[in-house]
Amino acid sequence: KAIALTAKLKGTALAALIGQRRLPVGLRTGVDVSITGKIQQTRIELSELNVTAGGAQVLGTLVADHVGASAPTAVITTQKSSRWRVTTDTQWSKLDPFAFMPPRTGTAQRAVLNGSIKGTAIIDPTALTQPIAASADVFLKDSRWGTQPLTGEAKLTLLGPADSPNQPPRIESSGNLVLANNRARWSGRLGAAADVLTWSFDAQNLSVLQALDSAPRQDDAGVKATLSGVIKGQGTLSGKWNALAVDANVSGQDVVQSATRVQKFAAKLQVALQADAPFNLDLSADGISSGGQANASVGALNLQGKGTLREHRIEATGTLKQGERNLQLSAALAGRTEGTASNAFAAWTGAIERLQVNEIAARDGALPLVWARVEPFTLRWKGSTPTSGTTFAADAGKALIATVPINWSVLQYSAASTAQVNAKFSGTGNIGPF
């Protein structure tokens, strides 16, 4: 026999109990919940689920049907358990997610999201974090992010159970997102060795990402924090979740963050979460400037990395003009990872093989100056374990900074393995003579 269900909850007392100023803006006027439906032994039907808070409304339906242990679709396993098919058709309007986060300066509405979701999932109540099958269609329309128009849609389908309890299931997804004249797209599959998901984005105006700041921030130099420029990228994600591979190409022009500007840059990256998979990095940036004044630094930087995650090498070269000085950077690092049965990247050992900054040409007839030179030394990093925290150490070394010699013995930093233990830093050294 069906049991009718009708419930109304009003959360205005919560604001009085906690205090208005400590609540997110969206909860200060309370929360209203209205539910209408019926409950049977093998079916739960919520014909109306209505939630309103902070000017936003979520309205939808939810139906759960008991499907037993039989397999209604090809992706269902044959394990006997209590399975339920859950379907929903839900819409939301005037939703500002930032209104439900910890309070910030200002109360202006920073986003208005209008959209819907239609989805179906087959779940086992004893393992809610591991759905057996699911699909969902999400739509955003007539929305805005700050002052900019926002639209998008996404489709997600679980193609089968996870290979192991510790891994997400195999998925298929496609979608696009449009924020003003910035666009992002993706399509493909992930979770199996042959799966590939392609992606691309074209951000023609990064400044729209700042539209949410009701109180403009400043950087450490007191310069108003601005963001602008153009960045484009495309690439792929592929493979199993525990061995994901990334192949990416990203470029940008006239990118500005506060007082720092990059006229153009280009980067290529190939890497995978496998110890012996190829690792390749190629990054070049030109017209790097900072300060916005006549004596501001202007330079270029090139990074190249090759090898694998197990054994790799990264080299950097660059130029820097500071006033009348022309400087040149040269650096090289070689590293190796070490793994355990449960963690393929449990530790890393690296060597700073070269790090030097020289003046390219003499200034005012003076001899060229070695601004900085660091002698080769070794670095060691070890990830946290159940019984110890993360550690980072540098072996004994020496450097020359602006003609001043610096020597140090072993430097070591250890982070806490638990919240009750503070991080520690230890080391000794000497500076001079000047």
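Visitor: What makes the pair of Glu45 and Arg43 a salt bridge?
Guide: The closest N and O atoms of Glu45 and Arg43 are 3.5 Å apart. A salt bridge needs a side-chain nitrogen of Lys or Arg within 4 Å of a carboxyl oxygen of Asp or Glu, so the pair qualifies. This is a predicted model, where local features need pLDDT of at least 70, side-chain atom pairs count only at pLDDT 80 or more, and totals for chains, interfaces and linings use all residues. Residues are numbered from 1 along each chain as its sequence is written, and side-chain values use heavy atoms, with hydrogens and water left out.

Visitor: Is Glu45 called buried, partly exposed or exposed, and why?
Guide: Glu45 has a relative accessible area of 22%. Buried means under 20%, exposed over 50%, and partly exposed in between (1.4 Å probe, protein chains only), so Glu45 is partly exposed. Arg43, at 27%, is also partly exposed.

Visitor: How many salt bridges does the structure hold?
Guide: There are twelve. Another pairing is that of Arg373 and Glu375, at 3.7 Å from N to O. Arg313, Glu315, Glu353 and Arg354 are linked in a network of salt bridges.

Visitor: Let's turn to the rings. Why is the pair of Trp199 and Phe201 called what it is?
Guide: The structure holds three aromatic pairs. In this one the ring centres are 6.1 Å apart and the planes are at 5°, so the pair is stacked. Rings of Phe, Tyr and Trp (its six-membered ring) pair if their centres lie within 6.5 Å; planes under 30 degrees apart count as stacked, over 60 as edge-to-face and the rest as tilted. Phe201 is partly exposed, with a relative accessible area of 27%.

Visitor: And what makes Phe377 and Trp408 a pair, and of which kind?
Guide: Their centres are 5.4 Å apart and their planes are at 85°, so the pair is edge-to-face. It links distant parts of the chain, 31 residues apart: Phe377 is in strand E21 (residues 377-382) and Trp408 in strand E24 (residues 404-408).

Visitor: How do you know whether Phe377 is buried or exposed?
Guide: Phe377 has 14% relative accessibility and therefore counts as buried. Trp408, at 17%, is buried too.

Visitor: Which residues form the largest nonpolar core?
Guide: The eight residues are Trp348, Ile352, Val374, Phe377, Leu379, Ala394, Ala399 and Trp408. A nonpolar core is a set of buried Ala, Val, Leu, Ile, Met, Phe, Trp, Tyr and Cys residues joined through side-chain atoms within 4.5 Å. Strand E19 (347-359) and E21 are the elements that give two or more residues to this core.

Visitor: What makes E9 and E10 paired strands?
Guide: Strands pair if DSSP finds at least two bridges between them; E9 (residues 170-179) and E10 (residues 182-190) are joined by nine, so they pair, running antiparallel. Val178 stands opposite Arg183 in E10. The two strands form a hairpin with two residues between them.

Definitions and conventions: Helix = DSSP H or I, 4+ residues; strand = E, 2+ residues; numbered from the N terminus.
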